[in-house]
Amino acid sequence: MSDNPVFDRIREEVENNDVVLFMKGTPVFPQCGFSNAVVQVLTYLNVPFKGVNVLEDADIRQGIKDFSDWPTIPQLYVKGEFVGGCDIVREMFEQGELREFLAQKGIETEAA
Amino acid sequence: MAMIASDIERLIKEALPDALVDIRDLAGDGDHYAASVVSVAFKGKTRVQQHQMVYNALKGGMGNELHALALQTSVPEN
C-alpha cells in the first residue's frame with residue numbers, strides 16, 4: 001500500500017480499536033447529522049466505539065477518504081474493516097444486519 | 001457550486017447504462033439529494049462496492065460539489 005504517513009496513523013486507529021467512527025465532531029457533540037445518525041445507532045446497540053474527530057485534523061479528514069476510497073464522512077470501521085458510511089450503517093441497522101455483523105466480529109450488542 | 005439532479009442522473013447512467021435512477025432533492029440547495037439506483041451491475045457486489053460504483057460515476061463530485069447523497073442501491077428483482 002502507498003507510503004502515505006497518514007495511512008499509518010489511520011491503520012493504528014482501526015487496528016487497535018474494535019470499533020472506530022471517523023466523524024465530524026465527537027460522540028458527545030456530533031457536528032453533522034450524518035455522523036450523529038451513526039453515533040445514535042451505535043449508542044442504541046450499546047456498542048463502545050472510538051470517535052475520531054476529522055474536523056480537528058485535516059490530514060486525517062482527507063487521508064481517510066483515500067484510505068477507504070470513500071468520499072464522505074462519517075466512516076465506520078469494525079475490527080479494521082471498513083463497514084460503510086451513514087447510509088449503509090443505517091440500512092444494515094434497519095434490516096437487522098448490523099447486529100448480526102457485529103456478533104460475527106465478536107462484538108456484543110444490546111438494545112438499549 | 002452545486003450539482004443539479006439531471007446531471008447526477010446523466011453521470012450515473014453514463015457509467016451504468018441500464019440503471020434505473022430516482023433522485024429526490026432533499027433541501028432544494030443542489031447539495032443534498034437522496035437517490036436510489038437499480039442496476040444489474042451491482043449483482044454480487046457488497047453495498048460498499050455498489051456505492052463506490054455510483055460515487056465513481058459522479059467523477060469526484062461526491063463530497064465536493066455534492067455534499068450529501070443519501071444513496072440506496074439494489075439489483076433488479078427479475
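**Ground rules**

This is a predicted model, in which local features need pLDDT of at least 70 and side-chain atom pairs count only at pLDDT 80 or more, while totals for chains, interfaces and linings use all residues. Residues are numbered from 1 along each chain as its sequence is written, chains are lettered from A and ligands numbered from 1 in the order in which they are written, and side-chain values use heavy atoms, with hydrogens and water left out.

**Exercise 1. Describe the interface of chain B and chain A, starting with the residues in contact.**

Step 1. Collect the residues in contact, which means heavy atoms within 4.5 Å. Chain A gives 16 residues and chain B gives 13 residues.

Step 2. Turn to the area. The size of an interface is often given as the accessible area lost when the parts come together. Here about 1200 Å² is buried between the two chains, with 55% of it on carbon and sulfur atoms; buried area is the accessible area (1.4 Å probe) that two parts lose on being put together, summed over both.

Step 3. Look for specific pairs. Six residue pairs are in polar contact across the interface, both residues at pLDDT 80 or more. A polar contact is a pair of N or O atoms within 3.5 Å; within protein, one must be able to donate a hydrogen and the other to accept it, and residues adjacent in sequence count only if both atoms are side-chain atoms.

Step 4. Sort the side of chain B that touches chain A. Helix 2 (47-57) and strand 3 (68-74) of chain B each supply at least two of its residues. Helices (H or I, at least four residues) and strands (E, at least two) are DSSP runs, numbered from the N terminus. The residues of this side comprise seven nonpolar, five polar and one charged. In that count, Ala, Val, Leu, Ile, Met, Phe, Trp, Tyr, Cys and Pro are nonpolar, Asp, Glu, Lys and Arg are charged, and the others, Gly among them, are polar.

**Exercise 2. Find a salt bridge between Arg47(B) and its partner in chain A.**

Step 1. Apply the rule: a side-chain nitrogen of Lys or Arg within 4 Å of a carboxyl oxygen of Asp or Glu. Two salt bridges cross the interface of chain B and chain A.

Step 2. Name the pair. Arg47(B) meets Glu97(A), at 2.9 Å from N to O.

Step 3. Widen the view. Over all chains, the structure holds 10 salt bridges. The pair named above runs from helix 2 of chain B to helix 5 (residues 97-104) of chain A.

**Exercise 3. Work out the order and edges of the open sheet in chain B.**

Step 1. Read the order. Three strands lie in the order 1-2-3, with mixed pairing; two strands pair if DSSP finds at least two bridges between them.

Step 2. Locate the edges. Strand 1 (20-25) and strand 3 of chain B each have a single partner strand, so one side of each lacks a neighbour in the sheet.

Step 3. Check one pairing. Strand 1 and strand 2 (residues 32-38) of chain B are antiparallel over six bridges, and Asp25(B) has Tyr33(B) as its bridge partner in strand 2.

**Exercise 4. Which peptide bond in chain A is cis, and where is Pro74(A) found?**

Step 1. The cis bond joins Ile73(A) and Pro74(A), with omega of about 10°.

Step 2. Pro74(A) sits in the loop between helix 3 (58-68) and strand 3 of chain A.
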